[in-house]
Amino acid sequence: MIKVSNIERFATHDGPGIRTTVFLKGCPLHCPWCANPETWQVNPVLMHDEKKCAKCHMCMNVCPSQAISFQPDFTLNKELCTNCQKCEEECLNDAISFSGKEMSCDQIYQEIQKDDLYYKQSHGGVTLSGGEPLFQFEESFALIQYLKQKDYHIALETTGMYDHSRLVKVEPYVDLFLHDLKHIDSTKLKEVTGADFKTIDENLTYLSKSPEKVIIRIPVIPKFNDDVLKEMILYAKEKGFKEVHLLPYHSLGKNKWHNLKKQYQYEQEAMMDKSSLSEYVTFGKENNMIVKLGG
């Protein structure tokens, strides 16, 4: 069984064609702009939407471990919470939800196969994302092998932050790596995201033997890496990769941070206009690189 956060059908930005994206739980990083912070923990996490909450206290009254209180707003004691999810069942306004459930390979397949016709017509397939999809490695590797036996095109949206031995095992079964590159300064990368650049660099070096299977994806984050984009594109070129996607900063995951009662550091940051990055498309052409804006 593998812990899944969400399954998104008709995804068009996670690889070629129409796809189903399976978001898996667990991530070794803690990027402060993350659009899916609910995936960081492997176990289910409670999300509370303050806007929907009627403060009726029904969730508090039904909680067997007394993990919920109102002071005066909804407060969760995570140490007491056992993830019994009775509060979610009791909430009439759907203000409470839990992100994460266990699914078998076959259960996931039953969702994926609903759109087989669209995959064939659009040359699409399945994308595994997260979190970091190789965080639950034994389970995700089994899922990848299962889906490959079903003859799906498999893309892996990955941080590259895992032991090299995992990549060696999984690489033959993956058709496309959508590989994050957040920064090339090891100190800054570690301080802000928790990632180890040496590990990521080692994995990218291994993938460089099959550059046609890799698209480098750079999340462009204000005051973090927006001043070193040319250097990052050239790093990808030096590795032998041909295509880089620049993903402009957006705040679409902000409400998830609020619902998890986490502080969102980019609260006042405006969403980035794609056109502001157009110079890098030209820079890519000048360096025999394909640079695209967006996924």
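Biologist: How does K55 count by its relative accessibility?

Modeller: Buried means under 20% relative accessible area, exposed over 50%, and partly exposed in between (1.4 Å probe, protein chains only). At 35% relative accessibility, K55 counts as partly exposed. Please note that this is a predicted model, in which local features need pLDDT of at least 70 and side-chain atom pairs count only at pLDDT 80 or more, while totals for chains, interfaces and linings use all residues. Residues are numbered from 1 along each chain as its sequence is written, and side-chain values use heavy atoms, with hydrogens and water left out.

Biologist: Where does K55 lie, and what is its phi?

Modeller: Helices (H or I, at least four residues) and strands (E, at least two) are DSSP runs, numbered from the N terminus. K55 belongs to the loop between β3 (45–48) and α1 (58–62). Most residues other than glycine have a negative phi, and most peptide bonds are trans. For K55, phi is near 55°, a positive value in a residue other than glycine. H57 lies in the loop between β3 and α1, and its phi is also positive, at about 70°, although H57 is not a glycine. With a relative accessible area of 28%, H57 is partly exposed.

Biologist: Which residues of helix α8 are buried?

Modeller: In helix α8 (residues 197–207), the buried residues are F197, T199, I200, N203, L204 and L207. Viewed down the axis of α8, these buried residues fall within an arc of 160°, so they line one face of the helix. The arc is that of the directions from the helix axis to the C-beta atoms.

Biologist: Against which elements do the buried residues of α8 pack?

Modeller: Contact means heavy atoms within 4.5 Å. The partners of the buried residues of α8 are α6 (164–170), β10 (176–180), α7 (186–193), β11 (214–220) and α9 (229–238).

Biologist: Is I2 buried or exposed, and which residues does it touch?

Modeller: I2, in strand β1 (residues 2–11), has a relative accessible area of 2% and is buried. Not counting residues up to four places away in sequence, I2 touches L24, K101, E102, M103, I108, Q136, E139, S140 and L143. I2 and A142, 140 residues apart in sequence, are 9.4 Å apart in space, C-alpha to C-alpha.

Biologist: What is the relative accessible area of N259?

Modeller: N259, in helix α10 (residues 254–259), is buried at 17%. Apart from neighbours within four places in sequence, N259 is in contact with L46, M47, H48, D49 and E50.

Biologist: How many helices and strands are there in the protein?

Modeller: The protein has 11 helices and 13 strands. Its radius of gyration is 20 Å, close to the 19 Å that the globule rule gives for 295 residues, so the protein is as compact as a globular protein of that length. The radius is taken over C-alpha atoms, and the rule is 2.2 Å times the number of residues to the power 0.38. Of the 295 residues, 49% count as buried. Among contacts between residues at least 6 apart in sequence, 69% join residues at least 24 apart.
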